[in-house]
Structure formats: structure tokens, C-alpha cells
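This report describes the confidence, nonpolar cores and ring interactions of one protein model.

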Amino acid sequence: MRTTSRGFIAALALTPLLAGCFAPGESDTGAGPGGRLRVALAVPPVQALSPYSNDATVLSKLSVAEGLTALDRNGTAEPALAKSWKQDDATTWTFELRKARFQDGTELTAQSVVEALDHAGAAKPKPRVLSDVSLTAEAEDADTVTLTTESPDPVLPLRLASPALAILAAKAYAKDGAVSPVGTGTGPFEITRLTGKTKATLDRFDGYWGGKAEAPGIDVSWIADGTARANALRGGETDIAEWIPTAQAKLLDKQTRHEVPSVRTDSLILNTRSGLFADSGLRAAARKAVDGSALVDSVFGGYADPAQGLFGPAVPWAAGKRVEVTGRTEAATAAEVKSGTKGRTLRLATYTNRAELPEAATVLQQQLEKAGFTVKQDVREYTQMEGDLLAGKYDALVFSRVTLLDTGDAVDYLASDFTSEGVYNIAGLRNAAVDKAIRTAAAERDTESRQDKIMRAEAEILRTDAVVPLVHEQAVQGIADDVEGVILDPRERSLIDVDTRLKQSA
């Protein structure tokens with residue numbers, strides 16, 4: 001059996017982070033047939049589970065695909081498909097591969113790693129994890145890969161743990177750039193069927209290098225409505241329901257409700273590239289008007305903390321290193337807001353996949369209107385609006401973001417979301433001081449100094465008022481009491497692995 005940090009990650013349900021209609025076999029008996037696990041996920045696939053989209057985390061949550069590395073309990077890199085690695089010089093790393101097979105029966109080789117990473121680098125849009133690095137891969141022999149970056153990248157092993165850089169079999173990659181993880185991963189569970197945006201069937205992959213999984217398979221349903229997910233758990237129609245809405249959490253039996261400190265921060269993102277909030281004074285007025293602490297009890301039922309910045313209590317080193325934000329633009333007065341927005345409506349967007357966000361948007365609308373803005377909401381399912389968000393078609397977005405999702409390194413999040421070339425820069429921010437601060441943090445190898453520079457970059461970002469942090473969430477996962485081995489992960493990247501099972505199937 002492979003050695004992992006899963007036990008400690010599960011324990012993080014109780015402690016802070018130190019350094020994501022039903023499937024075949026549905027039943028009302030409270031257990032899946034033959035010990036199969038039934039899982040209700042919140043966000044339907046955007047691109048047929050392509051690792052280059054937000055679907056990537058599904059591949060890691062369900063243990064379908066793996067990268068060269070994984071993250072341990074402290075958020076540092078540990079072996080996965082690479083059994084070891086070394087840094088040859090500032091820009092060159094060598095990785096030695098373990099013996100492993102893809103789910104289609106082909107062997108993992110250095111060439112298959114090269115091709116997978118080449119496809120990721122050529123993807124359009126580029127995966128967030130590659131937004132601030134250019135990566136070249138070469139096969140030295142059948143089991144050795146050399147990776148070279150244009151500039152020093154001290155956290156490359158962390159970067160390679162991203163679900164977006166999962167290594168798939170050759171047949172996964174189509175000539176048109178599409179990527180399919182169906183039957184092409186290396187993990188203990190193989191996707192055998194994907195039915196649109198509603199269901200997926202996974203079977204145990206008995207050729208997994210890390211040992212045979214306890215559960216024979218997983219039947220997945222995507223249920224965007226949070227209340228419906230909670231009801232499915234209460235009604236015995238699913239064994240695991242992720243992201244239970246806070247309004248539903250206390251309605252669950254105590255033994256099925258699991259609270260997890262999360263690195264998720266909810267914020268108000270302001271579109272700086274066009275529209276109302278291209279004006280820094282209006283952005284400052286919006287920031288001054290918004291009070292995230294009002295959401296903690298009224299919307300989140302106490303399952304959140306008032307935001308102190310981009311990083312919350314589940315990133316404990318952040319608090320002691322936080323830098324005072326100075327040099328902000330003076331906020332427009334209520335009269336200036338009304339004058340500057342005359343005849344223009346603030347387009348406020350959010351999505352339904354996280355049940356608290358529409359309610360939060362209503363509270364924020366009231367706060368913004370009190371400051372003189374005229375506000376109209378647009379609330380939809382996330383997959384229906386992602387393209388418009390990235391295209392800057394809204395003035396503001398109530399947004400929930402796992403800040404350490406892609407690599408476990410905060411620099412990656414800052415680079416993808418706030419640099420001029422960031423691939424997930426919904427705010428459309430283009431600010432030279434921000435770019436410089438993030439580049440400076442990215443180049444730092446010493447952990448303490450890197451954290452210091454990350455917090456200086458946070459202050460530069462907040463100074464622009466492109467983002468207004470609201471709350472730091474606590475996740476609530478619903479798990480039937482006859483299920484054991486579910487991973488409670490503050491990073492929301494892991495959920496099921498080889499040890500997850502129904503107790504009666506032991």
C-alpha cells in the first residue's frame with residue numbers, strides 16, 4: 001500500500017492547516033450495491049472533466065488521476081508518479097518515475113510524461129498553475145524526465161502536484177486539444193462512463209501501483225442545489241455529499257456532519273478593466289460600503305470568520321506576517337457615487353453552486369445601494385457564466401476561491417488571479433506594482449522569506465481595491481455514518497482514496 005498523508009489530512013477536520021437525479025445503482029437502503037460509494041458533488045463538469053478546466057479537482061477528489069508529485073500534510077511535495085527528484089541547477093530538475101500503468105493498460109514512461117506536460121503547456125487557455133511559468137520537459141531515458149523552466153521556479157515540485165498537471169495516457173489527448181480522463185488516468189478509480197453534466201460511473205482499477213482500493217467503485221451525481229444534496233444524504237440516497245450549505249448543516253445528524261477548516265475565502269471581485277469599477281474612487285467606495293462580518297452569522301450560520309485579507313485562519317502563518325495596506329485611493333462620497341454612476345447599473349454576479357453566495361449577494365446589494373449604487377443581480381449556475389466572468393461582462397462578482405488549491409503555494413493563486421497575464425484574472429487587474437510584488441515572491445526560495453513576500457503582495461493587491469475579502473469559510477461535508485476513510489481536506493483537493501469504504505463492505 002502506498003504511503004500518503006491521508007490520515008493527517010483527515011485529522012485536519014479538527015485542527016488548522018499547518019504550512020476542492022442519481023447514478024447507476026441508486027438505492028434507498030442507505031448503502032450502494034456491492035459496497036460501491038455514492039457521491040453527490042456540487043459543481044457540474046464544465047469541460048467533460050478536462051484537467052485544464054475547473055473540473056480538474058474532481059480527478060483528484062475521486063482518485064482518478066495523479067501528477068508527478070502530491071502534497072503532504074504541510075503542503076510540501078511528496079512522491080506520486082515520480083518516486084524521487086533532485087534539482088540540478090536553478091532552472092533544471094530531474095524526476096525518476098515509479099513503475100505504474102495507465103488505466104488503458106499502457107505503461108507510464110518518461111515520454112508519456114513529456115507528452116502530457118507538453119499538452120498542458122499548449123492548452124488554451126493555459127491551466128492556472130502554468131500562468132506564471134514556462135516549462136520544458138525532456139525524456140532522458142524510459143524512467144527519467146528532465147524539466148526546465150525559463151526562470152528559477154523554487155516551487156516546481158509543488159506546482160507538479162496540481163490536478164491540472166495530471167499525467168494521462170496518450171489516448172486521452174485529441175488532435176483538437178480536447179482531453180478526456182475517461183479510462184486514461186493512473187489512480188485507484190477509473191472513469192468508465194460520463195453522462196453529460198449529471199452522472200459518472202467509476203470502477204476500481206486493480207492495476208493501481210499503490211494497492212487495491214477498498215471500495216469496488218464510485219457512482220457520482222452532480223447536484224448543484226445544496227439543499228438537494230443535503231436531502232439526498234438525509235434520505236439515504238447518497239453516502240457522501242460535499243459542501244453542505246450552512247443553513248442545512250445543523251439539520252443533519254451530528255454524526256454525519258463534518259466541519260473542516262478551509263483555505264477558502266469569499267470575496268467581492270471588482271472588474272477593473274471596464275465599466276463602473278475602472279474608476280478607482282468607485283472601487284474604494286464599494287470597498288468601504290461592504291461589511292463582510294455581517295455575513296458570518298446571518299448567511300453562514302457561524303461557519304465562517306470575518307476576512308482579514310486574502311488568507312484566513314487555515315493559513316496560520318499569514319496572520320503574523322500581514323502587511324498594513326496603505327496608499328489606497330480615497331473613496332468617492334455617496335453624492336459622487338450617484339453622480340459618477342448616473343444612468344449606469346452595477347451588474348453584480350454570483351452563482352448557485354454554493355448556496356450561501358446568492359444570499360450574500362443580496363446582503364451586499366443592500367450595502368452597495370446604501371452607498372449610492374444602483375445594483376442588478378445576475379445569479380446562475382457557475383458553468384453558465386464562467387466565460388462571461390473571464391470576459392469582464394460583469395462589474396462585480398461574489399466569488400468563493402480556494403486560495404491554495406492549485407499547488408498549495410499561495411504565489412500560484414496570486415499569479416493566476418491578479419497578475420496582468422493571469423489566466424484567472426476575473427478582476428482584469430493590470431498593475432505594475434502588483435506584478436512586481438508577485439514576481440518577487442515567486443523567485444524567493446526560503447520559506448519564511450517567501451511567506452513575507454507573499455503578504456507584501458497581498459497588501460499591494462488589496463491597495464488596488466480589485467478584491468474585497470468578505471469571509472473565510474469553514475466547509476461542511478456530509479458523510480453517512482456507515483462510511484469510513486473519507487478525507488477531510490482543507491484544500492478541497494481530496495475526498496476519496498484507496499481506504500474509503502462502506503463499513504459493511506469490509
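## Charges over rings

A charge is taken to sit over a ring if NZ of Lys or CZ of Arg is within 6 Å of the ring centre and within 35 degrees of the ring normal. The model discussed here is predicted. In this model, Arg98 places its charged end over the ring of Trp209, at 3.9 Å from the ring centre. A further case involves Arg264, whose charged end sits over the ring of Trp243, 4.8 Å from the centre.

## Confidence of the model

The protein has a mean pLDDT of 91, and 92% of its residues reach 70 or more. Over residues 1–30, however, the pLDDT is below 50.

## Nonpolar cores

The largest nonpolar core holds 77 residues. Within this core, Leu68, Leu147, Leu202 and Ile496 touch the most other members. Helix H3 (residues 110–122) supplies the largest share of the core, namely six residues.

Which residues does Leu147 touch, not counting those up to four places away in sequence? The contacts of Leu147 include Leu68, Leu117, Leu135, Leu156 and Leu160.

Another core, of 74 residues, lies apart from the largest one. Among the residues of this other core are Leu295, Leu414, Ala441 and Val467.

## Aromatic pairs

How many aromatic pairs does the structure hold? There are nine aromatic pairs. One of them joins Phe311 and Trp317 in a tilted arrangement, with 6.3 Å centre to centre and 35° between the planes. Both Phe311 and Trp317 are buried. Together with Tyr413 and Phe418, Phe311 and Trp317 form one aromatic cluster.

Tyr351 and Phe399 form an edge-to-face pair, at 6.4 Å centre to centre and with 70° between the planes. Tyr351 belongs to strand E14 (residues 346–351) and Phe399 to strand E16 (residues 396–402), so this pair ties together parts that are 48 residues apart in sequence. Are the two partners buried or exposed? Buried means under 20% relative accessible area. Tyr351 has a relative accessible area of 5% and is therefore buried. Phe399, at 6% relative accessibility, likewise counts as buried.

Conventions:
Residues numbered from 1 in each chain as written. Predicted model: local features only at pLDDT ≥ 70, side-chain atom pairs only at ≥ 80, totals over all residues. Heavy atoms only, no water. Phe/Tyr/Trp six-rings, centres within 6.5 Å; stacked < 30°, edge-to-face > 60°. Buried < 20%, exposed > 50% of the residue type's maximum accessible area, 1.4 Å probe, protein only. Helix = DSSP H or I, 4+ residues; strand = E, 2+ residues; numbered from the N terminus. pLDDT = per-residue confidence, 0-100. Contact = heavy atoms within 4.5 Å. Core = buried A, V, L, I, M, F, W, Y, C linked by side-chain atoms within 4.5 Å.
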